[in-house]
Amino acid sequence: MPHTVPLEATVLVIFGGGGDLAWRKLIPALFNLHLDNLLPERFAIVGVARKPLDDTIFRSRLREGVDRFSRRRPADDEEWERFAARVSYLSDDFTDPASGPALSLKLEELERAWGSRANRLFYLAIPPGMVEAAATHLQRLGVCRDCRRDRLVVEKPFGRDLASAMELDRLLTGMFAESQIYRIDHYLGKETVQNILAFRFANSLYEPIWNRRYIDHVQITVAESVGVEERGGYYDGAGALRDMVQNHLLQILCLIAMEPPVSFDADEVRNRKVDVLHAMRPIRPEEVHHCAVRGQYGRGSAEGKSLPGYRDEAGVASDSPTETFAALKFFIDNWRWQGVPFYLRTGKRLPVKVSQVSILFRPAPHQPFPSAAVENWQPNRLIIRIQPEEGIVTRIQAKQPGTRLLLGPVDMQFRYSDAFRSVSPEAYETLLLDVLRGDATLFMRADQVECAWRIVAPLLEAWEAVPPGDFPDYPVGSWGPEAADLLIARDGHSWLQPALPEERR
Ligand code: BG6
């Protein structure tokens, strides 16, 4: 849709409006869209939750969230007042099948004031166990029936395995059209994740070598320095595979490995990504120990502070077998990628927060230089920095200055912050605007989600069947268990460790 078309009148209903996601992410993102004049002229936000709360208290809690988490904080008083005037709270127990029509009445009241039927967006910022109740509530009230105007945004995790994801899809597609369902994966809203498409398909430089002939292997690292924070209760039933790999890491892998799309039509892009997931070689149960490593953080210290182990965190069982780290090796069985390993790793309480993709190229086929010249020689590599210090680094060999012929690696860098003056929007800003515009390109289709579950299913099953005997097996502030290094070392490689902040200065 051309982005110059003014947006139609819209009501955004946030189920779980009083919750953490709305507080930390959604409202700060919407406030930034407001500051950038990107919201529709006629726009209202209705926060829905069970607890009785009046608009004033609701708004002041949201203001607190904006002052703490918005990229443009603290909020300017006047701007906040203009934004807050569009926000209201509705106490409604959508889990109770006998609950009344409060939501329909609220929508009608807003639309009556505008004199027209608005687009209605329902954002389910609620735990997965409540999605069915919320969807059923919407269907019972008949407020989300217009396939063109009404949309449903569903947060991850979408199911907890293949069977439950399929069941959820069956339920949702029984009530709504697939085109109304926006399954969100916030990584797809990140500027640098989208830039993978621009980098690959807007430049003719790399595409000819983007294949098994030139690329030796690919590493995808999504590391976090935080632990599970206040989310122990949710995380202990999920783990790194469900929380990060099934969605964020596999989505990044798809963007790196997909074929060029014919257009940026939502389905065209998503079809190319699904092709990658279809081509991924299934891991057989007997291969799991060879292709996958799990780990859990134990106590340790960072920046002079001692930090609890995972099993000491609130909401986590004291003998929890849940993995907070996963390292995996995949192959993609197609013409482009045959034989190229894709190594993925993610974990909590690692030394630094960083997400990056490293493309390691094959050595030059012939080495004409004298052996003394190439002592420091390294194959080319390309690093796509997703966060922080967003950008792309290409490592090449150069002649070192001097009278002798000595080669050494040097980096060519593109940094977002140097190249562009403007600050990137947060992922949720991009994605919420796309929902407002009805553009589903960056959202997951049912078949994508199911394929991704199919890929991790053998790992989930194998790990559930055999509890880990050695957890916790990595201390806070390390790069995960030793077994993760062995996984990649067996193939003659090693993880490229992202630079720590003090090393980058
Ligand atoms: C979420 C996971 O999807 O992504 C969290 O549930 C994780 O556990 C978060 O911390 C990481 O996102 P980001 O944008 O901070 O890299």
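**Note on a predicted single-chain model with a ligand**

1. Pro472 sits in the loop between helix H14 (446-465) and strand E18 (474-475), where helices (H or I, at least four residues) and strands (E, at least two) are DSSP runs numbered from the N terminus. The peptide bond between Phe471 and Pro472 is cis, with omega about -10°. The model is a predicted one, in which local features need pLDDT of at least 70 and side-chain atom pairs count only at pLDDT 80 or more, while totals for chains, interfaces and linings use all residues. Residues are numbered from 1 along each chain as its sequence is written, and side-chain values use heavy atoms, with hydrogens and water left out.

2. A cis peptide bond also links Arg73 to Pro74, with omega near -5°. Pro74 belongs to the loop between helix H2 (55-69) and helix H3 (77-84). Most peptide bonds are trans, and most residues other than glycine have a negative phi.

3. Asn37, which is not a glycine, has a positive phi of about 60°. Asn37 is placed in the loop between helix H1 (20-35) and strand E2 (43-49). Because its relative accessibility is 63%, Asn37 counts as exposed (buried is under 20% relative accessible area, exposed over 50%, partly exposed in between; 1.4 Å probe, protein chains only). Glu389 also has a positive phi, near 45°, and lies in the loop between strand E15 (381-387) and strand E16 (391-399). With a relative accessible area of 34%, Glu389 is partly exposed.

4. The secondary structure of the chain amounts to 16 helices and 18 strands. A compact globule of 505 residues would have a radius of gyration near 23 Å, and the 24 Å of the chain agrees with this (taken over C-alpha atoms; the rule is 2.2 Å times the number of residues to the power 0.38). Along the principal axes, the C-alpha atoms fill a box of roughly 80 × 50 × 50 Å. Of the 505 residues, 54% count as buried. Among contacts (heavy atoms within 4.5 Å) between residues at least 6 apart in sequence, 77% join residues at least 24 apart.

5. Which residues are around the ligand? They are Lys156, His186, Tyr187, Lys190, Glu224, Arg231, Asp243, Met244, His248, Lys348, Lys353 and Gln387, the criterion being a heavy atom within 4 Å. By class, this shell has two nonpolar, three polar and seven charged residues. Helix H9 (residues 240-257) gives the most to the shell, with three residues.

6. Ligand oxygen atoms lie 2.5 Å from an N or O atom in the side chain of Tyr187, 2.7 Å from one in the side chain of Lys353 and 2.9 Å from a polar side-chain atom of Arg231; a polar contact is a pair of N or O atoms within 3.5 Å. Taken alone, the ligand exposes 390 Å², of which the protein buries 83% (Shrake-Rupley method, 1.4 Å probe).

7. How many residues of helix H13 (residues 427-437) are buried? The number is 11 of the 11, so helix H13 is largely enclosed by the rest of the structure. Thr430, found in helix H13, counts as buried at 17% relative accessibility. Not counting residues up to four places away in sequence, Thr430 touches Gly189, Gln194, Pro425 and Leu442. Gly438 follows H13 and has a positive phi, near 75°.

Conventions. Polar contact = N/O pair within 3.5 Å; in protein donor to acceptor, adjacent residues only side chain to side chain. Nonpolar A, V, L, I, M, F, W, Y, C, P; charged D, E, K, R; others polar.
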